[in-house]
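Me: I would like to go through this structure with you and ask, for each label, what stands behind it.

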Amino acid sequence: MPKDFLKGCRDSYDVVVIGSGLAGLTAANILGRSGYSVLLLEHHYQLGGMATWFKRRGGHIFDISLHGFPFGMIKSCRKYWTQEIADSIVPLRGVRFENPQFSLETSYNREDFTRLLIEHFGIAPETVQRFFDTARGMNFYDDQHRTTRQLFDEFFPGRTDVVRLLMEPITYANGSTLEDPAITYGIVFSNFMQKGVYTFRGGTDRLVNLMKAEMLHNNVDVRIRTLVERIEVDPQRRCTGVVVNGRRIGARAVVSNSNIKSTILKLVGEEHFDPAYVDEARGVRLNNSSCQVYIALKPGDGFDFCGDLLFHSEHSGFDIEALLSRNVSSRTFSFYYPETRPGSDRWLIVSSTNANYKDWAELSEEDYLAAKEDLIRTTLDCLEQYVPNIRERADHIEAATPRTFERYTQHVQGASFGTKFEGLKVSQDLPKQIHGLFHAGSVGIIMSGWLGAVNYGVIVSNEVDKLLSK
Ligand SMILES: Cc1cc2nc3c(=O)[nH]c(=O)nc-3n(C[C@H](O)[C@H](O)[C@H](O)COP(=O)(O)OP(=O)(O)OC[C@H]3O[C@@H](n4cnc5c(N)ncnc54)[C@H](O)[C@@H]3O)c2cc1C
């Protein structure tokens, strides 16, 4: 008999949350803490969604998306999770840039960027201040038509080097481009500039296990290996439950943390929506996907501090096509020192590149394996300049591609950062289409990344609470 991962589940709950990404986890925790009966369903064998990790022989633990997030995570985790989680959030020491236009190290906050822009790039102090104030003053209700390119053209015309400094890390952080609305750039950039880049001491495994313990404390029923096949909607367009692992479970409200497009088009089905809304959902563009190469050094072998994050590029300027190309010329290296997991003796490196799903999806199995090998080879060639003799010193190396992210998170086209801006409206309008159905997960660029996802989980749990407490 196959194991029943729903054994002991009730027939109905106040809320069913589909997916345990950071938005789903946060929504489930807040609603459980508020006294609602909550069932959290996750198809994978591990919680966390893209906030995840994996273990390999020899005791190596790799983090997938723990490169860095803004300071705001501390407040969100203290309010909506626990003090212990908030207390484990610590700043990165340094961010490095190595490219044909400049080579520098920074603490990646407003103070240091102001210094760099004035002293290193020769920008007038009042322009720098006006730029920061403009970015910081941006919010969701501002003009959504001005693009990030137009914003840079206004403040730094012709300065491809400055654009690169300001844009490259944000592109890596959320997949945005110069053609996306300037407000998405302004909001995310200002979040980082507030106090620099932060990480979680103890690694993603510790974070997610602490979150799991808190959810259990708040009586959330947590189930892994449970794939929701369908969201049930009655003829009056009210959400009444889900079908998961072949079983129906009723709910007064459902929060889907699954990709917004799959939620609408696959889990519910377009026949339940207004045709105009379906058209809008179809029109939502996905953000790009990623490739990563994971490298663990032999136990005890390490390297001197060479930055926590290193934006390496051989490309002449900021160029989104080059960043996405399979012919990689730009990479972000995350260097993990033993302090990441206090008490460990491991130095690890994760190399990340933005990637187009279609470049990988259409390869034959043989070509796919060869392309992965090529990605590893070129990554090691590049890394050699920062960690000499890396090939002899590495104990474990492997690569992930958009196909890997698609498989583990069910995201359409392995999208790493949800959708472009228009996805936010479609996500927010979901309960207007179907009573009791909500979406919380990476959308609209501003609601993606660790902080965006957690905060969106908070916003949506408030909406669910309003509905249920009526
Ligand atoms: C390579 C990479 C690096 C990144 N680096 C960073 C970083 O350094 N800093 C940062 O802030 N962000 C980073 N991100 C982005 C960040 O990890 C995500 O934006 C965030 O974790 C997404 O959270 P989410 O709530 O949207 O859900 P997701 O993480 O997308 O999780 C959705 C969950 O729902 C589950 N699910 C989907 N459908 C179903 C179903 N039908 N039934 C049951 N379960 C289902 C999935 O299995 C998954 O667990 C990175 C992402 C990637 C891919």
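Me: What makes a residue of the chain count as buried, and what percentage of the 470 residues are buried?

Reply: This is a predicted model, in which local features need pLDDT of at least 70 and side-chain atom pairs count only at pLDDT 80 or more, while totals for chains, interfaces and linings use all residues. Residues are numbered from 1 along each chain as its sequence is written. A residue is buried if 20 or more other C-beta atoms, placed from the backbone, lie within 10 Å of its own, exposed if 12 or fewer do, and partly exposed in between; buried residues make up 47% of the 470 in the chain.

Me: How do you know whether the radius of gyration agrees with a compact globule?

Reply: The radius is taken over C-alpha atoms, and the globule rule is 2.2 Å times the number of residues to the power 0.38. For 470 residues a compact globule would have a radius near 23 Å, and because the chain has 22 Å, the two agree. The C-alpha trace spans about 60 × 50 × 45 Å along its principal axes.

Me: Why is R115 called partly exposed?

Reply: R115 has 13 C-beta neighbours inside 10 Å, so R115 counts as partly exposed. R115 lies in helix α4, residues 110–120, where a helix is a DSSP run of H or I of at least four residues and a strand a run of E of at least two, numbered from the N terminus. The chain has 18 helices and 19 strands.

Me: Which residues make up domain 1 and domain 3, and how many from each take part in their contact?

Reply: The bounds come from an automatic or database domain assignment, which gives domain 1 as 12–45 + 224–285 + 418–468 and domain 3 as 109–194. Their C-alpha centres lie 32 Å apart. The contact, meaning C-beta atoms placed from the backbone and lying within 7 Å, takes seven residues from domain 1 and ten residues from domain 3.

Notes:
Contact = placed C-beta atoms within 7 Å.
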